Amino acid sequence: MNTAMTREALEQILDQALQDVTERTAGVCLRQDDQPPGEDLCTVHITFDRGFNTSLTLCADKNLLARNSFHEEAVSLEDLEEFSKEYLNVLCGKVTGAMYRATQIPAHFGQPTFYHGRYEPEGQEVQFILTYSDEHSEGAQLIHHVPCSQEDGTVLDET
C-alpha cells in the first residue's frame with residue numbers, strides 16, 4: 001500500500017529540520033532566500049533506501065560550511081567533507097523522525113557522499129529546492145529528488 005505525503009508537508013519538514021539543525025550545530029540562522037549559491041561549491045548527497053524512494057542533496061558555498069562549521073575561514077577539504085557528511089546525517093535523522101510522525105512509515109537513509117562542485121543524481125529529478133543564505137550572503141540549497149517517472153508531487157512509500 002502506498003502512503004503519500006504532500007510536497008508542502010515535506011517542504012515544511014525539511015525547512016524546519018534544516019533551520020533547527022543549523023542553529024544547534026553551528027549557531028547560525030539561515031533564512032530562505034531566492035539567491036542561489038555561488039561558484040565555489042560542494043555538495044553532499046544522501047539517498048533514502050527504505051521507506052521513501054527519494055534523496056536529498058545539500059549544495060552550499062564552501063565558505064558557508066567552513067565558517068559555520070568551524071567558525072574559521074580556512075578549513076582543510078578533509079575537515080569540510082567530514083563536517084558536511086555528519087551535518088547531513090544529523091539533518092536526515094531529524095527528517096526521518098518527523099516523516100515517521102507524519103506518515104507512520106519507517107525510513108532509512110544510506111551513507112552521505114561528498115562532491116566538489118554541484119552534483120546531480122542520475123535517474124532522479126528535482127521535485128523542489130529550498131534556497132537559503134546566511135548573514136554573509138553565502139548560500140545553500142537543499143534539493144529534494146524523486147525518481148524521474150514520478151510526476152504527481154507526492155513521496156511514496158516503497159516498503
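Analyst: Lys62 counts as buried, with a relative accessibility of 16%, where buried means under 20% relative accessible area, exposed means over 50%, and partly exposed lies in between, all found with a 1.4 Å probe on protein chains only. This is a predicted model, in which local features need pLDDT of at least 70 and side-chain atom pairs count only at pLDDT 80 or more, while totals for chains, interfaces and linings use all residues. Residues are numbered from 1 along each chain as its sequence is written, and side-chain values use heavy atoms, with hydrogens and water left out.

The side chain of Lys62 meets that of Asp40 in a salt bridge, at 3.7 Å from N to O; the term stands for a side-chain nitrogen of Lys or Arg within 4 Å of a carboxyl oxygen of Asp or Glu. Lys62 belongs to helix H2 (residues 62-70), whereas Asp40 sits in the loop between strand E2 (31-32) and strand E3 (41-50), so that this pair links distant parts of the chain, 22 residues apart. Helices (H or I, at least four residues) and strands (E, at least two) are DSSP runs, numbered from the N terminus. Asp40 is partly exposed, at 45% relative accessible area.

By this rule the count comes to 4 salt bridges. One of them joins the side chains of Lys94 and Asp20, again given as N to O, at 3.7 Å. Because Lys94 lies in helix H3 (residues 77-103) and Asp20 in helix H1 (residues 7-26), this pair ties together parts that are 74 residues apart in sequence. Lys94 is partly exposed, at 31%, and Asp20 is partly exposed as well, at 22%.

Within helix H3, Glu81 and Lys85 are 4 residues apart, which means about one helical turn separates them, and their side chains meet in a salt bridge at 3.1 Å, N to O. Glu81 is partly exposed, with a relative accessible area of 24%.

Turning to the core, the largest nonpolar core has 38 residues, of which Leu14, Leu18, Leu91, Val95 and Leu142 touch the most other members; such a core is a set of buried Ala, Val, Leu, Ile, Met, Phe, Trp, Tyr and Cys residues joined through side-chain atoms within 4.5 Å. Helix H3 gives the largest share of this core, 9 residues. Leaving aside residues up to four places away in sequence, Leu142 touches several residues, among them Leu14, Leu18 and Leu91, where contact means heavy atoms within 4.5 Å.
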